[in-house]
Amino acid sequence: MIREMTLDDLDQVMEIEKEAFDEHWKRQDFEYEILENEFSKMMVYEKDGLILGMIGYYILFDDAQITTLAVLDQAKRQGIALELMTYAIEQCDREKCSVLSLEVRKSNEAAIHLYEKCGFHEMNIRKGYYEDGEDALFMMKALGGNI
């Protein structure tokens, strides 16, 4: 089940975040997104009371951006990331966004493959985007029948 993230979810969310990313968000970053950022949508994939994945995205008028996506290691290769991406794409399309964008580490082949499967296209390279100096691919997907 995909539902909105709550503060009660943050212990499990932080486990996923730390497992998934070398440069991870802090607990207060998630608190801000949940409580204060009116443009932010933070969702979790929950099964039997266990959070197996999460996705965050912004909707800014007719533009949307994926901010985070991660799945618990033990739950990978079960289609959860694809379900979360499909959910976000459908919600952004329903909100009449014209494009959905994201950044991904150039070395993250699994994520790039997922995004391409979801219809994203590489638009640009952001040199030295990450703290460790790695480049990011900037990817976009047209929504609402564009392109």
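Predicted model: local features only at pLDDT ≥ 70, side-chain atom pairs only at ≥ 80, totals over all residues.

Visitor: What describes two packed helices?

Guide: Two things do: the angle between the axes and the distance between the axes. Take helix H1 (residues 10–20) and helix H2 (residues 27–35). Their axes lie 10 Å apart, at an angle of about 125°.

Visitor: Is the arrangement of H1 and H2 oblique or perpendicular?

Guide: H1 and H2 are oblique to each other, because roughly perpendicular covers 65 to 115 degrees and roughly antiparallel starts over 145. Their crossing is right-handed.

Visitor: Which residues of H1 and H2 meet?

Guide: From H1 come Leu10, Asp11, Val13, Met14 and Glu17. They meet Arg27, Phe30, Glu31 and Ile34 of H2. By class, this contact has five nonpolar residues, four charged and no polar.

Visitor: At what angle do H3 and H4 pack?

Guide: Helix H3 (80–94) and helix H4 (residues 109–117) pack at about 45°. The distance between their axes is 11 Å. That angle makes H3 oblique to H4. H3 passes H4 in a right-handed crossing.

Visitor: Which residues of H3 and H4 meet?

Guide: Ala81, Leu82 and Met85 in H3 contact Leu114, Tyr115 and Lys117 in H4. Five residues of this contact are nonpolar, one is charged and none is polar.

Visitor: Now the rings. What describes a pair of aromatic rings?

Guide: The distance of the centres and the angle of the planes. A search of the whole structure gives four aromatic pairs. One of them joins tryptophan 25 and phenylalanine 30, with ring centres 4.9 Å apart and planes at 45°, so this pair is tilted.

Visitor: Is phenylalanine 30 buried or exposed?

Guide: Phenylalanine 30 is buried, because its relative accessible area is 0% and the cut-off for buried is under 20%. Phe30 is also among the H2 residues that meet H1.

Visitor: Last, the backbone. Where is phenylalanine 61, and what is its phi?

Guide: Phenylalanine 61 sits in the loop between strand S3 (50–60) and strand S4 (63–71). Its phi is positive, near 60°, in a residue other than glycine. Phenylalanine 61 counts as exposed, because its relative accessibility is 72% and exposed means over 50%.

Visitor: And where does arginine 77 lie?

Guide: Arginine 77 lies in the loop between S4 and H3. Arginine 77 is not a glycine, yet has a positive phi of about 65°. With 88% relative accessibility, arginine 77 counts as exposed.

Conventions
Residues numbered from 1 in each chain as written. Heavy atoms only, no water. Helix = DSSP H or I, 4+ residues; strand = E, 2+ residues; numbered from the N terminus. Buried < 20%, exposed > 50% of the residue type's maximum accessible area, 1.4 Å probe, protein only. Axes fitted to C-alpha atoms, helices over the stretch in contact; angles between N-to-C directions. Parallel < 35°, antiparallel > 145°, perpendicular 65-115°, else oblique. Left-handed = near helix turned anticlockwise from the far one by under 90°. Contact = heavy atoms within 4.5 Å. Nonpolar A, V, L, I, M, F, W, Y, C, P; charged D, E, K, R; others polar. Phe/Tyr/Trp six-rings, centres within 6.5 Å; stacked < 30°, edge-to-face > 60°.
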